[in-house]
Amino acid sequence: MGTLEGHLLPGIALLFYSLYHSVLVSLALLQEQRVLKPPLFVWKREGHRALQQVSYEGVLKVVIPCVGILAEFYYPPGINRAVMIDWEDPQRPFVFKDNWQHFTMYVFFLLSGMVDIVSQSCVAHRSARLERAAEALAFYVLVLLMAAHIENKSALEIRVHILFMVPSFLLAVVLSIEIWVPDHPPLWVFKTWLGLVLSNWMLQLCTVMYSPPTGQPWRADNPVDLSFLTIFFCWHLALGAVVLAAIYGLCSLWHSHRSCSFWTKTTGTWYQPCPTESSGEELEKLRTEAVLQDEDV
């Protein structure tokens, strides 16, 4: 992960996951759902009833970490970092510390995905609390390893990663609360907003550390540059709220259009246009009924 590509992979994956979850939460709020149910991919195969429905989220949590693990150890091609101890050195020192930290992060998110698949697809009753517990554990591990990851780093890298740890820790706390308070819409919204902030900041981290738009590297020894990092992070807090509000607005328009279309189709079978021809028999009947109703009044 110590390259631009290594940070882009989890950043883009987290961004798409957050956008998908924003749509899911927005539709759940508009439809007044009490339980947030992610869609399942239907796999029609005879003889495997337990695997007929597979969780999209669980599959993504398994596939993306596997790709990340392979990239950590074997990218660029021809490199092998899957070694923890240098056996040729008499002191047997540990090697590739950062890669093994990233590997550990990926493994816990992979385990979270496996829990999602088992809970949503392979058992009779879904255990949402177990899913939230596994996901919360993955984010706690992420924060813990990030705290060790910034040791002996420059002031710039420390500031960037500390700001990354803030939404990660808050996400872990929200997921922990959902273990005891599941299906609470305000927590859905707060968790989705934190996911957007975290993904956007991870992409910002790529531009700060590897590809600055100005073409000039950020200066770790400049207090002004460090101050602007915090300013940009605050902007990302607002950006996450704006993106979530925009997605909710688009989903609201779609939901309103769908409701109007359904209402038109439903009422169209009951209400027919009134004939306008003066000589029509139906029009004469309507006039007679109207006169009789006036006399009764």
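**Reading the model**

Author: Start with burial: Lys61 counts as buried, because its relative accessibility is 11% and the cut-off for buried is under 20%. Keep in mind that this is a predicted model.

Reader: How many salt bridges are there by the distance rule, and which residue does Lys61 pair with?

Author: The general idea is a distance test: a side-chain nitrogen of Lys or Arg has to be within 4 Å of a carboxyl oxygen of Asp or Glu. The count here comes to eight salt bridges. In one of them Lys61 pairs with Glu135, and their closest N and O atoms are 3.6 Å apart. Lys61 belongs to helix α2 and Glu135 to helix α4, so this pair ties together parts that are 74 residues apart in sequence.

Reader: Is Glu135 buried or exposed?

Author: Glu135 is buried, since its relative accessible area is 8%. Lys61, at 11%, is buried as well.

Reader: Which residues are linked with Lys61 and Glu135 in a network of salt bridges?

Author: The network joins Lys61 and Glu135 with Asp116, Arg132, Glu178 and Lys191.

Reader: What salt bridges does Asp98 form?

Author: The side chain of Asp98 meets that of Lys97 at 2.8 Å, N to O. Asp98 also meets Lys153, at 3.3 Å. Asp98 lies in helix α3, while Lys153 sits in the loop between α4 and α5, so that pair ties together parts that are 55 residues apart in sequence.

Reader: Are Lys97, Asp98 and Lys153 buried or partly exposed?

Author: Lys97 is partly exposed, with 47% relative accessibility. Asp98 is partly exposed at 25%, and Lys153 is partly exposed at 26%.

Reader: How many helices and strands does the protein chain have, and how much of it is buried?

Author: The chain has eight helices and two strands. Along the sequence the pattern is α-β-β-α-α-α-α-α-α-α. Of the 297 residues, 35% are buried.

Reader: Which elements give two or more residues to the lining of the largest pocket, and what is the lining's make-up by class?

Author: The elements are α1 (4–30), α2 (56–74), α3 (97–122), α4 (128–149), α5 and α6 (185–209). Of these, α1 gives the most, with nine residues. By class, the lining has 30 nonpolar, five polar and eleven charged residues.

Reader: Last, the surface. Which residues make the nonpolar patch, and which helix gives the most to it?

Author: The general idea is to join nonpolar side chains within 5 Å, taking residues with over 30% relative accessible area and no salt bridge. Here Tyr140, Ile162, Val166, Phe169, Leu170 and Phe190 make a nonpolar surface patch of about 470 Å². Helix α5 (residues 155–180) gives the most, with four residues. Ile162 is placed in helix α5 and counts as partly exposed, because its relative accessibility is 38%.

Notes:
Residues are numbered from 1 along each chain as its sequence is written. This is a predicted model: local features need pLDDT of at least 70, side-chain atom pairs count only at pLDDT 80 or more; totals for chains, interfaces and linings use all residues. Side-chain values use heavy atoms; hydrogens and water are left out. Patches are made of residues with over 30% relative accessible area and no salt bridge: like charges are joined within 9 Å, nonpolar side chains (Val, Leu, Ile, Met, Phe, Trp, Tyr) within 5 Å. Accessible areas come from the Shrake-Rupley method with a 1.4 Å probe; for residues, only the protein chains shown count as cover. Buried means under 20% relative accessible area, exposed over 50%, partly exposed in between (1.4 Å probe, protein chains only). Ala, Val, Leu, Ile, Met, Phe, Trp, Tyr, Cys and Pro count as nonpolar, Asp, Glu, Lys and Arg as charged, and the others, Gly among them, as polar.
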